Amino acid sequence: FPADSVISCGDIRLDSVSHRVFVSEHEIKLTKTEFAILKILMQNEENVVTKTFILDSISLDTPDCVESSLKVHISNIRKKLRLYSEKEYIEAVWGIGFKFNSHVS
């Protein structure tokens with residue numbers, strides 16, 4: 001695998017070639033949209049990513065994703081990550097967007 005195809009943040013490893021996500025050593029199944037959202041958040045770790053930026057970035061792959069469904073996707077990602085981790089990785093930044101933080105305790 002090309003090294004840059006894998007993004008690691010804390011316990012989470014995302015492989016953009018195989019489209020697989022692992023929390024610790026457990027693979028979690030994400031939908032195409034959830035994968036795309038998580039990838040953007042992980043690529044911008046520690047930075048607030050606006051809802052508009054996320055929607056624009058995934059619009060080619062998932063044109064049906066709108067701001068209201070984005071919250072549902074984020075909620076689903078959080079639930080799936082929580083299966084194997086106690087950490088709350090995705091933080092909502094009210095009125096702006098979301099932030100991925102692997103340094104939460």
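At roughly what angle do the axes of helix H1 and H2 cross?

## The model

This is a predicted model, in which local features need pLDDT of at least 70, side-chain atom pairs count only at pLDDT 80 or more, and totals for chains, interfaces and linings use all residues. Residues are numbered from 1 along each chain as its sequence is written, and side-chain values use heavy atoms, with hydrogens and water left out.

Helices (H or I, at least four residues) and strands (E, at least two) are DSSP runs, numbered from the N terminus.

## Helices H1 and H2

The axes of helix H1 (residues 32–43) and H2 cross at roughly 125 degrees and come within 10 Å. Axes are lines fitted to C-alpha atoms, for helices over the stretch in contact, and angles run from 0 to 180 degrees between N-to-C directions. H1 and H2 are therefore oblique to each other (angles under 35 degrees count as roughly parallel, over 145 as roughly antiparallel, 65 to 115 as roughly perpendicular and the rest as oblique).

On the H1 side, Thr33, Ala36, Ile37, Ile40 and Leu41 make the contact; on the H2 side, Phe53, Ile54, Ser57 and Ile58 do. Contact means heavy atoms within 4.5 Å.

## The sheet

An open sheet is formed by three strands in the order E5-E7-E6, with antiparallel pairing. Two strands pair if DSSP finds at least two bridges between them. Strand E5 (48–50) and strand E6 (90–93) are the edge strands, and each pairs on one side only.

E5 pairs with strand E7 (residues 97–100) in the antiparallel sense over three bridges. Val48 stands opposite Lys99 in E7. Helix H2 (residues 51–58) packs on the sheet and touches E5 and E7.
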